[in-house]
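Hi there,

Here is the structure I promised to pass on to you. Please have it open while you read, and my notes on it follow just below.

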Amino acid sequence: MFVIIGGNINMYNFDEIIDRRNTNAMNTDGFRDYIFHADETMVFPYKDEEFIRMWVADMEFATPDVVIEGIEKRLKDRIFGYTRVFSREYYDAFVSWCQKRYDWEFNRDELVMSNGIIPALYELVDYICEIDEKVLFLTPSYAYFKYAADFNDRESVCSDLINHDGYYEIDFEDFEKKASDVKTKLLILCNPHNPTGRVWREEELKQLAHIIEKYQLWVISDEIHCDLIRQNQKHVPLGKVMPSYNQLITCMAPTKTFNLAGLMISNVIIRDKKLRQKWLERHYNFDNPLSIAAAQSAYEKGEEWLKELQKYLDNNFKLTQEYLKEHLPKAKFNVSEATYLAWVDLSAYFEPDEHLPLFFAYKAGVLLEGGNMFVQNSDCFIRLNLACPKATLIEGLRRICDAVNTKHTKKYLGETD
Ligand code: LCS
């Protein structure tokens, strides 16, 4: 679709507001359960359709037309029987994407498919770790890293990132201490990092690689956010830094990048032959034919759309930074290097025991995720999903800032809620 904005011809319309109700979307219908562990009896001063939704990590943007056309083409084949990626075309499309964007490649036989990275993590923890062995990750963390360990009754070990005035760095000393525990078997690395948005530099990855090799850890590098980086950033796959390390699994997916999470298709690159064999024996190795068509089209034809998306997201980050600076000056926020998620420190306004998602749902009509949802080292933070039309973003930011400022005026006047 061509849209003319201010005299510029823009190929894609990221300003379009799309009604997602009645599509069984988690985003619109699943928030009570996911954020509040509640059911439909939980009521708010807002109707569901009145919320500004900035929580779960999917986008309010339509998937690119080229992806939809790919699905439509496959629909015309009319039969949707048991399916698996057999053809070379899928590998060719994905490996070309990796070569072009990351100057990195892998052998075709290393690639297996999964109906999502989370299910892959759940399985791989079981395949890699004995029952008394531990899973290490950096915190704050996407909570499903911990859930993957919990699900398998494996112990988690967390290494807290160091927060230098909003910029996060790995505490290598602490990390090495934890890696050196003989019971620590597996590192799950989020590269780039959700929720802090860090893009790990090559130097940092090399330092990590050194420790990984020294203690012979297995490592899963979850790179699902790697396509969604700011325009001035560069993603380095861990596999590129460790070209011949066998105990490395890389996970990538078109689902975050092209807003296809519901199609549940992801790439798992397993170097170790024995582990791959185990996967092929135990994994339920079927894929959704429409998802394969979508993913292949995305990798073959989606790059132009992605470039425009990156520009739009960069602007949304800039807007958020300016808005917060003006209206919530004590909030600490650095533009994320990757992801479409803003990680905002509100410790000047809240106490660690306050339930921020609850506060913002009740007082602002905004659905967001709070630090309590990211394992540890995340008190008083909120995570905002900025992958929405600018108008939605501005309204969300306005409501957030108003609610915090009202709370503080009341506190100053000695009023209670
Ligand atoms: N890995 C990371 C680091 C993620 O952030 C997510 C989604 C996934 C894996 C999910 O992979 P899938 O199973 O869909 O292939 N992150 C989400 C988040 O932060 N909120 O909602 C989803």
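Strands here are DSSP runs of E with at least two residues, helices are runs of H or I with at least four, and both are numbered from the N terminus. Two strands count as paired if DSSP finds at least two bridges between them.

Before going further, please keep in mind that this is a predicted model: local features need pLDDT of at least 70 and side-chain atom pairs count only at pLDDT 80 or more, while totals for chains, interfaces and linings use all residues. Residues are numbered from 1 along each chain as its sequence is written, and side-chain values use heavy atoms, with hydrogens and water left out.

Now the sheet around that pair. S5 and S6 belong to an open sheet of seven strands with mixed pairing, in the order S4-S12-S11-S10-S9-S5-S6. At the edges are strand S4 (111-114) and strand S6 (155-160), each pairing on one side only. On average, neighbouring strands are turned by 25 degrees against each other, direction ignored. Helix H5 (residues 117-128) packs on this sheet and touches S4, S5, strand S9 (184-190), strand S10 (218-222), strand S11 (248-252) and strand S12 (266-270). The direction of H5 makes about 165 degrees with that of S9. For these angles, axes are lines fitted to C-alpha atoms (for helices, over the stretch in contact), and values run from 0 to 180 degrees between N-to-C directions.

Leaving aside neighbours within four places in sequence, Lys185 is in contact (heavy atoms within 4.5 Å) with residues including Ile128, Leu217 and Trp218.

Some backbone details are worth checking too:

- The Thr139 to Pro140 peptide bond is cis, with omega near 5 degrees, and Pro140 lies in the loop between S5 and helix H6 (143-151).
- Asn194 and Pro195 are also joined by a cis peptide bond, with omega about 15 degrees; Pro195 is in the loop between S9 and helix H8 (202-214).
- Gln216 is not a glycine, yet has a positive phi of about 50 degrees; this residue is in the loop between H8 and S10.

How is the chain divided? The domain assignment, automatic or from a database, gives domain 1 (3-59 + 304-413) and domain 2 (66-301). Their C-alpha centres lie 26 Å apart, and the contact takes 31 residues from domain 1 and 38 residues from domain 2.

The area buried between the domains is about 3000 Å², with 53% from carbon and sulfur atoms. Buried area is the accessible area (1.4 Å probe) that two parts lose on being put together, summed over both. Three salt bridges are counted between the domains, a salt bridge being a side-chain nitrogen of Lys or Arg within 4 Å of a carboxyl oxygen of Asp or Glu.

Happy browsing!
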